[in-house]
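Reader: I would like a close look at one part of this model. Please keep it brisk.

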Amino acid sequence: MLCGVEQLHDMKNGTPDTEAKQPAALPVFEHVEVGIYRYRPNGNYYARTAVNGKRTWRSLKTRNLKFARERLHQRRVGLAEVLYLANL
């Protein structure tokens, strides 16, 4: 113990382990609803979508949850129309 604070050491190289002392940080994105997340630093809403099989963040360009819901719905309807027309 040093100065009343116990130091944790990495077993491989004997250096102090600073990660064990730090409290867990809050997540940057807060889950609001299915497919909608809020970015904590600025309050903007984002959609969590998949593009070519990879998960991505797409801004809904609003800080208002009601408008975020509408924009997500518009994106999903627009995508459904594109997929429908592609299969004709």
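Which residues form a nonpolar patch on the surface, and what is their accessible area together?

Author: The model is predicted. Y84, L85 and L88 form the nonpolar patch. Together they have about 400 Å² of accessible area. L88 is found in the segment after helix 1, which spans residues 65-86. L88 counts as exposed because its relative accessible area is 71%, and the cut-off for exposed is over 50%.

Now the charged pairs. Side chains of opposite charge can pair when their charged atoms come close. Searching the whole structure gives two salt bridges.

One of them involves helix 1. The side chains of R69 and E33 meet in a salt bridge, at 2.6 Å from N to O. This pair links distant parts of the chain. R69 is in helix 1, while E33 is in strand 1, residues 29-33. They are 36 residues apart. R69 has a relative accessible area of 41%, so R69 is partly exposed. E33 is also partly exposed, at 25% relative accessibility.

Another salt bridge joins the side chains of E30 and R38. Here the N to O distance is 2.8 Å. E30 has a relative accessible area of 28%, so E30 is partly exposed. R38 is partly exposed too, with 23% relative accessibility. For these residues, partly exposed means a value between the 20% limit for buried and the 50% limit for exposed.

Note on methods:
Residues numbered from 1 in each chain as written. Predicted model: local features only at pLDDT ≥ 70, side-chain atom pairs only at ≥ 80, totals over all residues. Heavy atoms only, no water. Patch = residues over 30% accessible without salt bridge, like charges linked within 9 Å, V, L, I, M, F, W, Y side chains within 5 Å. Areas by Shrake-Rupley, 256 points an atom, 1.4 Å probe, with all protein chains shown as cover. Salt bridge = Lys/Arg side-chain N within 4 Å of Asp/Glu carboxyl O. Helix = DSSP H or I, 4+ residues; strand = E, 2+ residues; numbered from the N terminus. Buried < 20%, exposed > 50% of the residue type's maximum accessible area, 1.4 Å probe, protein only.
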